[in-house]
Amino acid sequence: MPTNKVPRISETEWEVMKVIWPHAPVNAAQIIDALTQIDPSWHPKTAKTLLGRLVRKGVLTYEQHGRTYVYSPRFTEEECVSAVSDSFLKRVFDGSLRPMLAHFVQRKRISPAEMRELRRILEREGK
Amino acid sequence: MQDLVQTFALWVSRASWQSITLVAVILLIQVSLGPRLPARWRHALWWIVVVKLLLPVVPSSPFSLFHFGFLESPAALLTPRASTGAHSPSEFAQHLAGIWTWVWVTGALFTLIIIFHEHGKLARAVVRQRPVTDPAVLDVLEDCKALMRIYTPLVVIETSRISSPALFGFLRPRLLLPRGTLKSLSTPELRHVFLHELAHLQRHDIAFGWLLAVAQALHWFNPVIWYALHRARVDRELATDELVLHFAQLGENRAYAETMIKLLGQFSRPAPLPAIAGILEDQRQMVDRIRQIARFGSFRTRPVAAAVLVLFLALAGLTGRSQKDVTLPSTAGVPTPEHSAQTPLPAETGP
């Protein structure tokens, strides 16, 4: 499968994806069951709406098994985790336009060569 | 009302201009002292600039940096030394000041609106999230808090809105973790993340960060200030790392750097080429941080000398040239170029 760009996933959609990843492929009933176990306030209708949205976005794909639809994720959790989108404004002005945040590491992109360089420096400078 | 705004705008312009000299001096100091300057003092130097950017009135002192006319005000460069007395503003200058005021107000408001908008978006998303309740995670957090003697209640939240762990807010601070962090980090690694964010909390970095943002908004037109505040934030990270290592165990510095590198590898998207502006700079910052961490403890810094230096620079940078500096640039809507810079009366000249 070609690696497409991972679409943006909202917070509530994340909650749904989190129960799908470990058990995929799953049907709607199983998903709703898992969600309500974590948080009983989940509405089946809300979950179904979100599933529809996730399918439309291309995050989930489905197959029809008889009467029910079975859902599978199109991206791994790792791929979704690292695909946080940035607008150009955010990239350039990130620190200055978000004074309410203090990060651990402030980098959104790094090349394998740069990673190696950092490791090399740690090796060298750490006596 | 218009006069008040105009006076304010002109004061901001003058402070902005003078800050350029200050920024140059600070960069010079940082470059020449290098690693002998402890990270927290390196960062503290930038606060002299921030205070200058926000301070409307300056006392005068003989130590002021701004004895030279052109350093003190851009007007000195624009208008020739008038021998006929300085109170003859041209129509043109008045008109210019009026236009500039409106341009400035628009830019400052626009910047502030963006900042508050960003905050609002993030706040709304984060506040609705369920906090992390895993006792193992909370235990690590409490251990770190006890070590650093921090008693602020702190909520941990997983969110997809950020790509690095971050501290959020300062009134009711929350520790944000990117999705998947808790699964992929070991306990010691999580400890490193918590220690770093708690160090930010202890240093009140976010509260001060808002002051930086206000200064940024007021001086939106000055690219030197953008750069300076960017460097202030970079140095802030170095100072925070320094504080973490102070609390960490002996020899833990290497593991701390490795946690940092691991997180970079996990949550950053792969970039085949540094084609986008800022990436080369980003890498340099990471190199500086890793280097400082690796060298921690093995390099003798001079904190007392640093403190004295900072205080002296504050005195030189935050004071004005002469008694005439104490008042705001102009009143009654009549923009006069700084006459103390214009007509050097015999009694005034001097070192």
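Predicted model: local features only at pLDDT ≥ 70, side-chain atom pairs only at ≥ 80, totals over all residues.
Local features are given only where pLDDT is at least 70, side-chain atom pairs count only at pLDDT 80 or more, and totals for chains, interfaces and linings use all residues. Residues are numbered from 1 along each chain as its sequence is written, chains are lettered from A in the order in which they are written, and side-chain values use heavy atoms, with hydrogens and water left out.

**Interface between the chains**

- The contact, defined by heavy atoms within 4.5 Å, draws 46 residues from chain A and 65 residues from chain B.
- Six salt bridges are counted between chain A and chain B, a salt bridge being a side-chain nitrogen of Lys or Arg within 4 Å of a carboxyl oxygen of Asp or Glu.
- Glu118(B) and Arg98(A) form a salt bridge through their side chains, at 3.5 Å from N to O.
- Glu118(B) lies in helix H5 (residues 91–127) of chain B, while Arg98(A) sits in the loop between helix H5 (88–97) and strand S4 (101–103) of chain A, so the pair joins two chains; helices (H or I, at least four residues) and strands (E, at least two) are DSSP runs, numbered from the N terminus.
- Glu118(B) and Arg98(A) are both buried, where buried means under 20% relative accessible area, exposed means over 50%, and partly exposed lies in between (1.4 Å probe, protein chains only).
- Glu158(B) and Lys18(A) also form a salt bridge, in which the closest N and O atoms are 3.5 Å apart.

**Fold of chain A**

- Chain A contains six helices and five strands, and from the N terminus on its elements follow the order α-β-α-α-β-β-α-α-β-β-α.
- Of the 127 residues in chain A, 46% are buried, and the accessible surface of the chain comes to about 7,200 Å², of which 53% belongs to carbon and sulfur atoms; accessible areas come from the Shrake-Rupley method with a 1.4 Å probe, and for residues only the protein chains shown count as cover.
- Among the contacts in chain A with a separation of 6 or more, 54% are between residues 24 or more positions apart.
- Three strands of chain A form an open antiparallel sheet in the order S1-S3-S2, two strands being taken to pair if DSSP finds at least two bridges between them.
- The edge strands of this sheet are S1 (26–27) and S2 (60–65) of chain A, each of which pairs on one side only.
- S2(A) pairs with strand S3 (residues 68–73) of chain A in the antiparallel sense over six bridges, with Tyr62(A) opposite Tyr71(A) and Thr61(A) opposite Ser72(A).
- S2(A) and S3(A) form a hairpin with two residues between them, and Gly66(A) in the turn has a positive phi of about 70°.

**Salt bridges within chain B**

- Over all chains, the structure holds 19 salt bridges.
- The side chains of Arg42(B) and Asp235(B) form a salt bridge at 3.0 Å, N to O.
- This pair links distant parts of the chain, with Arg42(B) in helix H2 (residues 39–54) and Asp235(B) in helix H10 (residues 223–247) of chain B, 193 residues apart; both Arg42(B) and Asp235(B) are buried.
- In the salt bridge between Glu189(B) and Lys262(B), the closest N and O atoms are 3.1 Å apart.
- This second pair also links distant parts of the chain, joining helix H8 (residues 187–202) to helix H11 (residues 253–267) of chain B across 73 residues.
- Glu189(B) is buried because its relative accessible area is 16%, whereas Lys262(B), at 26%, is partly exposed.
- Arg236(B), Glu237(B), Asp241(B) and Arg289(B) are joined into one network by salt bridges that share partners.

**Selected sites in chain B**

- Thr240(B) belongs to helix H10 of chain B and is buried, with a relative accessible area of 0%.
- Not counting residues up to four places away in sequence, Thr240(B) touches His196(B), Ala199(B), His200(B), Arg203(B) and Asp205(B).
- Phe63(B), Phe312(B) and Leu315(B) make a nonpolar surface patch of about 290 Å²; patches are made of residues with over 30% relative accessible area and no salt bridge, with like charges joined within 9 Å and nonpolar side chains (Val, Leu, Ile, Met, Phe, Trp, Tyr) within 5 Å.
- Leu315(B) is placed in helix H13 (residues 303–318) of chain B and counts as partly exposed because its relative accessibility is 34%.
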